[in-house]
Amino acid sequence: MTMRIAIAGAGNVGRSIAQELIGNGHQVMLIERQPRQLRPERVPEAEWVLADACELSSLEEADVAGCDVVVAATGDDKANLVCSLLAKTEFAVNRVVARVNRAENEWLFTEQWGVDVSVSKPRLMAALVEEAVTVGDLVRIMTFRQGEANLVEITLPPTAPYVGKPIRAVPLPRDSALVAIVRGKRVLVPTPDDPLEAGDELIFVCTTEVEDAVRAVVLGGAREIA
């Protein structure tokens, strides 16, 4: 499905997001208030708008109401919060994603401010560090829908109880799903008959409440740090 996506902030982060989304076939509009940051030649496939994404009139002129998603990607947390709130409350945008620049401001990026998904660079970096070195434990990589669901990873140690057994044998709890297996350089879409192997990185989507149950089932209580 092709979506129309508005990105507030055309710095390095905003332009990188735009290029990825355009590469995936979506229509992207970059909104930037600083003339020096307006560089259409950097992402020529995008629509470029010189405007303040914190101004209601600017968002009206840009037809943000016609967007499926708004991404608040500026380097200013205050601007990202205001943009998110306006997008959700004034234009009823279905999905609002906001960038968190300073870890101490993360608590503000909630549904009350119109944010559906917040992306904290410090938290994401910490999760990626943990994911790179941790075997035999659950690592939370990202949170969706204000904590209602999480993307988590478990790297299987050789002692895990279901190593060598098919996925259908793993009794996962409710509100959890195995969505991908990273095996070496391959990304596998799991099927019930696929056997698990030691070293597999299992990617789950689950609610916070069942994370401990997923860990217990998949690891059987075994934990070790590489």
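Modeller: Let me start with a cut-off: a residue is called exposed when its relative accessible area is over 50%, buried when that area is under 20%, and partly exposed in between. Please keep in mind that this is a predicted model.

Biologist: Thanks! Then why is Ala92 called exposed?

Modeller: Ala92 has a relative accessible area of 62%, and the label needs over 50%, so Ala92 is exposed. Ala92 sits in the loop between H3 and E5, and its phi is near 50°, a positive value in a residue other than glycine.

Biologist: What makes Asp63 partly exposed?

Modeller: The relative accessibility of Asp63 is 42%. That value falls between the limits of 20% and 50%, so Asp63 counts as partly exposed. Asp63 belongs to the loop between helix H2 (56–61) and E4, and its phi, near 55°, is positive although the residue is not glycine.

Biologist: Which residues of helix H5 are buried, and what do they pack against?

Modeller: In H5 (residues 211–219), the buried residues are Glu211, Val214, Arg215, Val217, Val218 and Leu219. They pack against strands E8 (138–144), E9 (149–155), E10 (176–183) and E12 (201–206). An α-helix has 3.6 residues a turn, so residues three or four places apart point the same way. Just after H5 comes Gly220, with a positive phi of about 60°.

Biologist: Now to Glu32. How do you know that it has no salt bridge?

Modeller: The nearest side chain of opposite charge to Glu32 is Arg33, 5.8 Å away. A salt bridge needs the side-chain nitrogen within 4 Å of the carboxyl oxygen, so the pair does not qualify, and Glu32 is buried without a salt bridge. Glu32 lies in strand E2 (residues 27–32).

Biologist: What does the side chain of Glu32 reach, then?

Modeller: It reaches the backbone nitrogen of Gln34 at 2.9 Å. A polar contact asks for N or O atoms within 3.5 Å, so this distance meets the limit. Leaving aside neighbours within four places in sequence, Glu32 is also in contact with Gly9, Ala10, Gly11, Gln37, Leu38, Val49, Leu50 and Ala51.

Biologist: How do you know that E1 and E4 are paired strands?

Modeller: Pairing takes at least two bridges, and strand E1 (residues 4–8) and E4 have four, in the parallel sense, so they pair. Ala8 has Ala72 in E4 as its bridge partner. E4 and strand E5 (residues 95–100) also pair in the parallel sense over four bridges, with Val71 opposite Val97 in E5. Together E4, helix H3 (residues 77–89) and E5 make a right-handed β-α-β unit.

Biologist: Which way do the side chains of strand E4 point?

Modeller: Val69 and Val71 point one way from E4 (residues 69–72), Val70 and Ala72 point the other way, and all are buried. In a regular strand the side chains alternate between the two faces of the sheet.

Biologist: And what is the overall count of helices and strands?

Modeller: The protein has five helices and 13 strands, and buried residues make up 46% of its 226 residues.

Conventions:
Residues numbered from 1 in each chain as written. Predicted model: local features only at pLDDT ≥ 70, side-chain atom pairs only at ≥ 80, totals over all residues. Heavy atoms only, no water. Buried < 20%, exposed > 50% of the residue type's maximum accessible area, 1.4 Å probe, protein only. Helix = DSSP H or I, 4+ residues; strand = E, 2+ residues; numbered from the N terminus. Right-handed = clockwise from strand over helix to strand, strands pointing away. Contact = heavy atoms within 4.5 Å. Lys, Arg positive; Asp, Glu negative; His and termini not counted. Polar contact = N/O pair within 3.5 Å; in protein donor to acceptor, adjacent residues only side chain to side chain.
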